[in-house]
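Hi,

Here is the structure I promised to pass on.

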Amino acid sequence: MNKKMIVVGTLCLSFALAGCTKTDKSLETNQQSKVSTEVSQSTTQNSSSTSNSATKKQIKINVSVEDAIKAYNEAYPNTSITSLELDPSFGVYYYEIKGVDDFKEYEVKINAETGDLKKDREETLDEDEQNGVEKTNESLDLKNIKSLEDVSKIAQDSVGEGTAIEWSLERDLSVTYWEVKVQTGNKEMTVKINAQTGDVLEKKLDD
């Protein structure tokens, strides 16, 4: 009788210990799962934060259009500017400015973050472009042009959403205009804006 009670007691104790072990393992598994989920969420948040920081870093412009034009004119006085572009190269924004005199075309690159200027190219104009012909036909009207901030807002309002990411100042016939590229999701819209009046001249979806 006593032996049976001892055997039964031993079996009950074994089951109780097994149950505790199973419960402990279950708790440990749940804790590990919770930790794994927290790490996953933290990684996702960090990844999102890094992505947002990268996006912000891409559009870092400390040099205004006016300062970029002034720097070009100091490098090449007595010339006329025929085009100006501001877009990223290797993640850094650069102004690319071209200009002409009666016989040559010039191009500079200006770091939009630091203001460092590099004389990029000089070449002789074709004979039919010399003696002021190219200067007369292509020179930009730089008086009272809208700022980057102004044309960016105009372009974004015209599209309805998105962020301005590239700019170029060009001329068509006698009109000097800004061409602003606006990114919205996976799409890009190009908005053409009169550089002096701010009127939207054209808007199209890029291919």
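Let's start with Val-191: with a relative accessibility of 0%, under the 20% cut-off, this residue counts as buried. Val-191 sits in strand E7. What does Val-191 touch, leaving aside neighbours within four places in sequence? The contacts are Ala-155, Ser-158, Val-159, Trp-178, Glu-179, Val-180, Val-200, Glu-202 and Lys-203. There is also Ser-152, which lies 39 residues from Val-191 along the chain, with 9.5 Å between the two C-alpha atoms.

Before you go further, please keep in mind that this is a predicted model. The protein chain has an average pLDDT of 80, and 72% of its residues score at least 70. Element by element, E3 has the highest mean pLDDT, 98, while helix H1 (residues 2–58) has the lowest, 39. For residues 1–57 the pLDDT is below 50, and beyond near neighbours in sequence this stretch makes zero contacts in the model.

Now for helix H4. H4 has 12 residues and spans 16 Å from first C-alpha to last, close to the 16 Å expected at 1.5 Å a residue. Which of its residues are buried? They are Leu-148, Val-151, Ser-152 and Ala-155. These four lie on the same side of H4, because they cover an arc of only 105 degrees around the axis. The buried residues of H4 pack against H2, E1, E2, E5, E6 and E7. After H4 comes Gly-160, with a positive phi near 105 degrees.

Last, the largest nonpolar core. It has 32 residues, and the ones touching the most other members are Val-65, Leu-84, Tyr-95, Ile-97, Trp-167, Trp-178 and Val-180. Two or more residues each come from helices H2 (65–75) and H4 (148–159) and from strands E1 (80–89), E2 (92–100), E3 (104–111), E5 (163–172), E6 (175–184) and E7 (187–194). H2 gives the largest share, five residues. Take Val-65 as an example: not counting residues up to four places away in sequence, Val-65 touches Leu-84, Tyr-95, Ile-145, Leu-148 and Trp-178. In soluble globular proteins, nonpolar side chains do tend to be buried together.

Cheers

Conventions:
Residues numbered from 1 in each chain as written. Heavy atoms only, no water. Core = buried A, V, L, I, M, F, W, Y, C linked by side-chain atoms within 4.5 Å. Buried < 20%, exposed > 50% of the residue type's maximum accessible area, 1.4 Å probe, protein only. Contact = heavy atoms within 4.5 Å. pLDDT = per-residue confidence, 0-100. Expected span 1.5 Å × (residues − 1). Arc of directions from axis to C-beta.
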